[in-house]
Amino acid sequence: MNDSIALISRIRENANKLIVKYLNTNGIEGLVPSHGDILAFLISKKQCTMNELAQSIHRTKATTTVLVDKLEKFGFLERQKSVNDSRVTFLTLTEKGQNFKPIFEKISKDLIDKLYQGFTNDEIIAANKLLKKMLKNIE
């Protein structure tokens, strides 16, 4: 029997537990693993619209709004209306969000290191290639 889906699910569940543990260890309250995609995008992009963010993290606008609301509530990002078009809202990291960057990067690095512990570079490349192929098959 092929248990690929169950394995992927368990990997995600264990990765999320590890992320929560790292967040707690660093005294970060309120964040959950699902905020990671948003923070990663804003760390790299600096500013974006809600539409850009929703597309980039592959979530609906409604789900993205809920996640952004939480990040704003906890002081990690802020919304700013466009001066050119009041329908457009830009998202940017606050100072607290910027200060979180080193912790975010450490958590990401530690998670990747743990996930690929014992893998050769060729195995890492192959695993990523196969996972991308699986994802493409069901999109």
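**Rings, core and strands**

Me: Let's start with F100: buried or exposed?
Reply: F100 is buried, with a relative accessible area of 4%. Buried means under 20% relative accessible area, exposed means over 50%, and partly exposed lies in between, using a 1.4 Å probe and protein chains only.

Me: What kind of model is this?
Reply: This is a predicted model, in which local features need pLDDT of at least 70 and side-chain atom pairs count only at pLDDT 80 or more, while totals for chains, interfaces and linings use all residues. Residues are numbered from 1 along each chain as its sequence is written, and side-chain values use heavy atoms, leaving out hydrogens and water.

Me: How many aromatic pairs are there?
Reply: There are three aromatic pairs; rings of Phe, Tyr and Trp (its six-membered ring) pair if their centres lie within 6.5 Å, and planes under 30 degrees apart count as stacked, over 60 as edge-to-face and the rest as tilted. In one of them, the ring centres of F76 and F100 are 5.6 Å apart and the planes stand at 75°, so this pair is edge-to-face.

Me: And where do F76 and F100 lie?
Reply: F76 is in the loop between α4 (61-73) and β2 (77-81), whereas F100 is in helix α5 (residues 95-115), so the pair ties together parts that are 24 residues apart in sequence. Helices (H or I, at least four residues) and strands (E, at least two) are DSSP runs, numbered from the N terminus. F76 is buried as well, with a relative accessible area of 2%, and ring pairs link F76, F100 and F104 into a cluster.

Me: What about the largest nonpolar core, which residues have the most contacts inside it?
Reply: They are L31, I38, L39, L53, L91 and F100, in a core of 27 residues. A nonpolar core is a set of buried Ala, Val, Leu, Ile, Met, Phe, Trp, Tyr and Cys residues joined through side-chain atoms within 4.5 Å.

Me: Switching to strands, what is β3's bridge partner for C48?
Reply: The partner of C48 in β3 is L91. Strand β1 (residues 47-49) and β3 pair in the antiparallel sense over three bridges, and two strands pair if DSSP finds at least two bridges between them. Five bridges join β2 to β3, which also run antiparallel, and four of the five residues of β3 are buried.
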